[in-house]
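Me: I would like to learn how to read a few features of a protein model. Please take them one at a time, with the general idea before the case.

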Amino acid sequence: MPIRHDLLLQQVQLYYAGHSRYIGVFDTKQEAAAAYERARECCSNFDKLDPTQKMIKRNIELSCKAAFDGGTCRRKQMTTD
């Protein structure tokens with residue numbers, strides 16, 4: 001069966017806090033490239049200090065949201081659990 005290249009999805013990953021982080025899957029290369037740039041821009045706004053695991057998780061969630069929403073990264077106030 002031949003591969004339909006028009007149906008292939010584009011996966012976006014971003015290197016952050018020492019690991020490759022999954023951002024999401026997009027329909028086209030153009031959408032994936034735009035999402036990557038939004039996620040990268042979002043991560044560049046975070047403090048460069050050694051983040052805790054909780055901060056890393058929150059930052060990646062914000063990056064994913066920015067990638068899919070097409071907006072900018074908005075830093076949220078951390079809440080204590």
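**Reading surface, cysteines and charges**

Reply: Leu9 is exposed, with a relative accessible area of 52%. The model is predicted: local features need pLDDT of at least 70, side-chain atom pairs count only at pLDDT 80 or more, and totals for chains, interfaces and linings use all residues. Residues are numbered from 1 along each chain as its sequence is written, and side-chain values use heavy atoms, with hydrogens and water left out.

Me: Which residues make the nonpolar surface patch?

Reply: A patch takes residues with over 30% relative accessible area and no salt bridge; nonpolar side chains (Val, Leu, Ile, Met, Phe, Trp, Tyr) are joined within 5 Å, like charges within 9 Å. Areas come from the Shrake-Rupley method with a 1.4 Å probe, and for residues only the protein chains shown count as cover. Here Leu9, Tyr22 and Val25 make a nonpolar patch of about 280 Å².

Me: How many disulfides does the structure hold?

Reply: A disulfide is a covalent bond between the sulfur atoms of two cysteines. The cut-off is a pair of cysteine sulfur atoms within 2.5 Å. The structure holds zero disulfides. For Cys43, the nearest cysteine sulfur is that of Cys42, 5.8 Å away.

Me: How many salt bridges does the structure hold?

Reply: A salt bridge needs a side-chain nitrogen of Lys or Arg within 4 Å of a carboxyl oxygen of Asp or Glu. The structure holds two. One joins Arg40 and Glu37, at 2.6 Å from N to O; the other joins Asp69 and Lys65, with the closest N and O atoms 2.5 Å apart.

Me: Where do these pairs lie along the helices?

Reply: Arg40 and Glu37 are three residues apart in helix 1 (residues 29–44), so about one helical turn separates them. Asp69 and Lys65 are four residues apart in helix 2 (residues 53–69), so they too are separated by about one helical turn. Arg40 is partly exposed at 36%, as is Glu37 at 39%. Lys65 is partly exposed at 44%.

Definitions and conventions: Buried < 20%, exposed > 50% of the residue type's maximum accessible area, 1.4 Å probe, protein only. Helix = DSSP H or I, 4+ residues; strand = E, 2+ residues; numbered from the N terminus.
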